[in-house]
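Colleague: Could you walk me through this model, please? I will ask as we go along.

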Amino acid sequence: MSGQPQGRKHTEVAVGVLIRPADDALLLSTRPEGKAYAGFWEFPGGKIEAGETVEQALRRELHEELGITIAGAEVWKITEHDYPHALVRLHWCKVTAWSGEFEMREGQAMRWQQLPLDVAPVLPGALPVLEWLTQERGLPASAALAVSTLA
Ligand SMILES: Nc1nc2c([nH]c(=O)n2[C@H]2C[C@H](O)[C@@H](COP(=O)(O)OP(=O)(O)OP(=O)(O)O)O2)c(=O)[nH]1
């Protein structure tokens, strides 16, 4: 494949950083079979559909994927990542309140995690989040390290 044409269109993605109030653990899940980077750990979320706000897209995705209903979501940070399969713009939202029971509706695995993570590999586009949270929590920089590629 040659280089990407100029003006390659962004795929807009809403992503939820679910933080469990009891212990500040983070929810990571695996990408389902059949998707790019299947098996990689990521924060739950998905593509924003036409006419949706970030919050609406995130509420829909988390309900579809995890069976939960989030109370609300505000955009925390925005990043971009250039993958071979897509140029994505990630709208990161912290989520601390939801209702319903977790149910892996797409056959994914999920794990509540503290920093440093003990799951791998992590989707490359998710790595900045680990750095922000590490800084925010006053943890040593090494807590943000994660394996992002398959050995
Ligand atoms: N959910 C999620 N996506 C991420 C993260 N980091 C990251 O680079 N991405 C990228 C990977 C994908 O290219 C894109 C999300 O698209 P997706 O294919 O998972 O979304 P979707 O569930 O709407 O997929 P689809 O079935 O409609 O194709 O964002 C992350 O932490 N979580």
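**Around the ligand**

Modeller: There are 18 residues around the ligand, and those that come nearest are Glu42, Gly46, Lys47, Gly125 and Ala126. A residue is near a molecule if its C-beta atom, placed from the backbone, lies within 6 Å of it. Please note that this is a predicted model, in which local features need pLDDT of at least 70, side-chain atom pairs count only at pLDDT 80 or more, and totals for chains, interfaces and linings use all residues. Residues are numbered from 1 along each chain as its sequence is written.

Colleague: Which strands each supply at least two residues of that shell?

Modeller: They are strand E1 (10-20), strand E4 (45-47) and strand E7 (87-95). The largest share, 3 residues, belongs to E4. Strands (E, at least two residues) and helices (H or I, at least four) are DSSP runs, numbered from the N terminus.

Colleague: How do the shell residues divide into nonpolar, polar and charged?

Modeller: The shell holds 11 nonpolar, 4 polar and 3 charged residues. Here Ala, Val, Leu, Ile, Met, Phe, Trp, Tyr, Cys and Pro count as nonpolar, Asp, Glu, Lys and Arg as charged, and the others, Gly among them, as polar.

Colleague: Let us change topic. What pattern does the protein follow along the sequence?

Modeller: The pattern is β-β-β-β-α-β-β-β-β-β-α, from 2 helices and 9 strands. UniProt, in an unreviewed entry, lists residues 9-135 as "domain: Nudix hydrolase". Its positions are in the numbering used here, feature names are shortened, and annotations may be inferred rather than shown by experiment. That span is 17% helix and 38% strand.

Colleague: What about helix H1: which of its residues are buried?

Modeller: The buried residues of H1 are Val54, Ala57, Leu58, Arg59, Glu61, Leu62, Glu65 and Leu66. A residue is buried if 20 or more other C-beta atoms lie within 10 Å of its own, exposed if 12 or fewer, and partly exposed in between; C-beta atoms are placed from the backbone.

Colleague: And what do they pack against?

Modeller: They pack against E1, E4, strand E5 (69-70), strand E6 (74-82) and E7. Just after H1, Gly67 takes a positive phi of about 80°.

Colleague: Where are Pro116 and Pro121?

Modeller: Pro116 lies in the loop between E9 and helix H2 (127-136), and Pro121 is also in the loop between E9 and H2. The peptide bond from Leu115 to Pro116 is cis, with omega near -5°, and a cis peptide bond with omega of about -5° joins Ala120 and Pro121.

Definitions and conventions
Two residues are in contact if their C-beta atoms, placed from the backbone, lie within 7 Å.
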